[in-house]
Amino acid sequence: MLFNSPEFVLFLVSVLVVFYAIPKRARPLLLLAASYFFYAYWNVKFLILLIAITLADFGGALAMTKLSSTAARRGFLTVCVGLNLAVLVALKYLAPAYKGLHALTGLPEPGFVSDIVLPIGISFHTFQSISYLVDVYRGAQPAIRNLPHYALYIAFFPQLVAGPIVRAGEFFRDLNPWKGPSQRDVLRTVFLISLGFFKKMVMADNLGLAADSYFADPLLHPGVRSALSGSLAFSFQIYFDFSGYSDIAIGTALLFGFHFPENFRRPYLSASVTEFWRRWHMSLSSWLRDYVYIPLGGNRNGAVALYRNLLLTMMIGGIWHGANWTFAVWGLYHGVLLALERFGSRFVPAPGPVTRPIRVAGTFALVSLGWILFRAADMRLAGTVLGQLFSTEKGLWLIPTWQRMLILLSVMLSVADERFNLEKRIVEGHSLLYGFAIAMLLFAVELLSQTDKTLPFVYFQF
Amino acid sequence: MRLVSTLLCVAGMIALLDGSIFHSGLYDRLIDPSSAAGAIQNALSNGRYRSTLVKNQVLAVGDSRMDFRLKTTDQNQRGGRSFGTIAVPGSTPRCWFYMLRAIDPDRNQFTAILLPFDDYIDEDWEDHSTRLIDLAMIAPLLTLRDIPEFCSSYPTAELKARCVAGLLAKGWTYQQDLQRLLRDYKLRQRSLDWTRTNSYATLYNFPGTEQSLEGLTVDWQKREFGFPPQLSDARRRGIEDVLLRGGAPQLGTLTRYRLQWYGKIAARYAGTKTKLIYFQLPRGPLVRPTPNLEATALRTLSRDKNSITLSPDLFEHLERPKFFIDAMHLNRLGSERFTDALVSAVSERLDRP
């Protein structure tokens with residue numbers, strides 16, 4: 001069930017009422033049951049797989065702690081992580097790989113390939129499981145001995161489907177001992193959920209109409225303006241969609257006393273691609289840093305290794321999104337940009353008050369070019385769109401004026417938030433200011449959303 | 001306490017914003033005239049204007065099948081009475097009740113109200129009670145006080161809840177209209193200006209279409225049609241869908257619906273000088289074999305002393321292919337004859353002592 005659906009509202013209210021009515025010791029079990037119900041609502045078979053992986057990882061982590069030899073523990077970790085990755089690879093990449101092989105060589109596809117269905121949220125909970133196993137191996141996280149608690153960590157419904165990828169330490173800090181949300185937490189929840197709905201239902205869904213229509217057939221609207229507006233529509237759609245989802249997930253978790261970390265911090269105000277990756281999908285980028293980049297050696301083994309590690313890490317980040325050459329190239333593109341910036345950081349000074357806005361615009365342009373690769377169905381289409389950016393035809397502005405005004409307003413509010421921490425001022429400020437902010441967000445959702453269409457969150461496909 | 005007061009503040013502000021724009025009637029003036037809601041607003045506006053021009057008016061309600069070919073001049077006067085219409089395509093008896101309430105708040109504007117029936121018999125084939133578009137069409141006519149009655153007229157909990165939400169937060173009901181306005185407000189302005197200037201004359205002097213279904217035949221046993229050669233595939237499918245309908249379980253849904261909404265209109269005009277005149281529209285270019293069903297709702301409604309029921313055979317002579325453009329709608333010739341026959345029949349009945 002989608003977050004922006006009546007079924008989810010009914011589900012959430014029901015879970016909340018029961019949660020606060022039952023004794024504290026029973027609450028994790030209730031949340032686990034609710035989370036499994038939430039997941040099974042998509043597909044019951046997915047739930048069986050999730051439970052199987054949960055049991056395997058729970059047992060694996062406990063077994064690791066009983067081994068005294070480092071080599072044995074490393075071997076066990078390899079097996080556990082390998083099992084998780086094998087499931088992910090089999091379900092996410094096998095079918096596309098066979099299809100590609102069939103297209104190249106004519107080799108027949110096995111019959112079962114077409115029956116493979118990608119379980120929702122698998123990329124997220126797989127990475128979450130791996131982070132737990134590695135942290136247990138490293139001694140950074142004690143193995144959890146309470147199976148329902150561990151199962152809840154993996155399956156907790158606010159973040160199960162599309163993150164944020166939560167570290168075990170962050171989760172269990174709030175579970176044991178459990179403290180209910182404070183009044184500020186509840187006010188922050190209402191703010192985050194309202195903001196999330198505004199971002200998703202007003203900004204992302206409307207901009208998605210322009211982006212989807214353009215990327216379905218770019219040559220239906222040839223010309224520079226069409227390519228520019230279609231691409232920009234997607235740049236903003238993916239930001240508002242994913243950050244909106246994260247806001248709702250974080251706000252919902254807060255209702256149950258769980259403080260998830262921020263996942264987006266105004267990434268389009270970054271003055272470099274390096275900074276962008278510290279602000280965009282922060283739970284994934286920190287995961288890649290801690291579990292791929294640093295284990296590969298990070299920046300510890302000289303410049304060549306550093307650049308190789310950046311490229312590999314970003315390519316893995318790209319492929320994580322899906323089995324399509326466009327994602328791999330997108331990841332590689334960002335890897336190259338990061339490597340170039342790293343190289344150039346020796347010569348280029350840090351941005352000042354005058355140069356920062358120019359660098360922010362430049363970074364946004366580079367990131368948006370990358371989004372073309374990310375959004376296009378294949379490399380040929382990406383090439384077509386990129387080519388249209390340099391077309392001699394003018395084309396049409398595909399984003400209606402009122403949506404452009406909303407984008408401008410959002411940019412201004414982002415800048416204000418960056419400078420003055422608007423969220424904090426609103427949540428902790430006067431009731432009238434808070435009431436006005438929430439009312440405006442919800443009123444905008446009432447008037448400007450696309451409630452006659454069902455538009456899923458973009459990151460659900462990963 | 002701060003939490004409660006803050007959340008109350010949020011609710012209050014949303015209510016203020018929604019109320020001041022959508023519940024106050026402020027937005028109603030901007031509704032797209034080509035939308036369903038705009039068509040109703042337009043019909044009522046034209047109806048009110050006509051009331052200032054003519055006296056002793058007989059008003060017709062109905063949907064697109066109420067093909068009343070009236071003129072802006074006094075050509076539709078008969079026996080000192082004038083005829084007018086607020087029929088709107090796609091409207092239903094549920095809409096008509098609220099439209100009449102809006103145009104005749106004191107129940108004294110009209111000599112008679114003409115209330116059409118597709119067919120006197122209560123045959124279930126389309127459940128009008130589930131139509132959420134009624135909410136969109138008549139939202140400008142509804143207030144918060146209408147919520148219990150209007151929303152309870154929907155059969156399921158989901159539809160009732162959707163209706164309540166749509167009336168409490170009226171902005172949601174106007175959502176698509178507002179977004180079209182934002183997309184091109186200049187076009188909306190031109191459309192509104194044109195409608196204000198021209199819609200009355202366009203409605204009342206509409207010439208109708210010359211197309212006909214002359215040559216259409218049917219073998220009801222085999223359920224096969226013989227179509228005139230010029231008819232497109234889409235029009236043929238449309239005719240088949242309507243005229244070959246049947247087989248739906250007869251659960252009394254239409255009876256209940258008619259008793260509810262025609263009944264509410266009857267109750268509204270009970271004890272007033274306004275007569276209610278029930279009549280059966282021309283049923284189609286070819287009449288389906290009549291199912292063995294009763295005119296239960298009509299029989300109950302006709303008991304009201306304030307009502308007049310016209311003969312079901314009144315338009316039998318028009319139930320021919322040459323008078324229709326499709327399975328339901330009359331062409332120019334058909335609508336002219338329909339209008340003459342209806343005006344004559346109504347005048348004759350109203351003239352009786």
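View 1. Arg180(B) and Asp177(B) both belong to helix H8 (residues 175-183) of chain B, where they stand 3 residues apart, about one turn of the helix. Helices here are DSSP runs of type H or I with at least four residues, strands are DSSP runs of type E with at least two, and both are numbered from the N terminus. The two side chains meet in a salt bridge at 3.6 Å, N to O. A salt bridge is defined as a side-chain nitrogen of Lys or Arg within 4 Å of a carboxyl oxygen of Asp or Glu. Arg180(B) counts as partly exposed at 40% relative accessibility, whereas Asp177(B) is buried at 8%. Buried means under 20% relative accessible area, exposed means over 50%, and partly exposed lies in between (1.4 Å probe, protein chains only). The model is predicted, so local features need pLDDT of at least 70 and side-chain atom pairs count only at pLDDT 80 or more, while totals for chains, interfaces and linings use all residues. Residues are numbered from 1 along each chain as its sequence is written, chains are lettered from A and ligands numbered from 1 in the order in which they are written, and side-chain values use heavy atoms, with hydrogens and water left out.

**View 2. A buried salt bridge between Arg258(B) and Asp122(B).** The closest N and O atoms of this pair are 2.7 Å apart. Arg258(B) is buried, with a relative accessible area of 5%. Asp122(B) is buried too, with a value of 6%.

**View 3. Further salt bridges in the two chains.** In chain B, the side chains of Glu348(B) and Arg352(B) meet in a salt bridge at 3.0 Å, N to O. Glu348(B) counts as partly exposed at 40% relative accessibility, and Arg352(B) is partly exposed with a relative accessible area of 44%. In chain A, a network of salt bridges links Arg266(A), Glu275(A), Arg279(A), Arg356(A), Asp417(A) and Glu418(A). Over all chains, a search of the whole structure finds 33 salt bridges.

**View 4. The crossing of helices H13 and H14 in chain A.** Two packed helices are described by the angle between their axes and the distance between the axes. The axes of helix H13 (residues 282-296) and helix H14 (residues 303-321) come within 10 Å and cross at roughly 135°. Each axis is a line fitted to C-alpha atoms, for helices over the stretch in contact, and angles run from 0 to 180 degrees between N-to-C directions. H13(A) and H14(A) are therefore oblique to each other. Angles under 35 degrees count as roughly parallel, over 145 as roughly antiparallel, 65 to 115 as roughly perpendicular, and the rest as oblique. H13(A) passes H14(A) in a right-handed crossing. Right-handed means that the near helix is turned clockwise from the far one by less than a right angle, and left-handed means anticlockwise.

**View 5. Gly322(A) in the loop between H14 and helix H15 (325-344) of chain A.** At 8% relative accessibility, Gly322(A) counts as buried. The C-alpha atoms of Gly322(A) and Leu133(A) are separated by 23 Å, and the two residues are 189 residues apart along the chain.

**View 6. A nonpolar surface patch in chain A.** Val9(A), Val13(A), Val17(A) and Val18(A) form this patch, with about 320 Å² of accessible area together. Patches are made of residues with over 30% relative accessible area and no salt bridge; like charges are joined within 9 Å, and nonpolar side chains (Val, Leu, Ile, Met, Phe, Trp, Tyr) within 5 Å. Accessible areas come from the Shrake-Rupley method with a 1.4 Å probe, and for residues only the protein chains shown count as cover. Val13(A) is found in helix H1 (residues 6-21) of chain A and counts as partly exposed at 47% relative accessibility.

**View 7. Two cis peptide bonds in chain A.** One joins Gly163(A) and Pro164(A), with omega about 0°. Pro164(A) is placed in the loop between helix H8 (157-160) and helix H9 (168-175) of chain A. The other runs from Asn176(A) to Pro177(A), with omega near -5°. Pro177(A) is found in the loop between H9 and helix H10 (183-216) of chain A.
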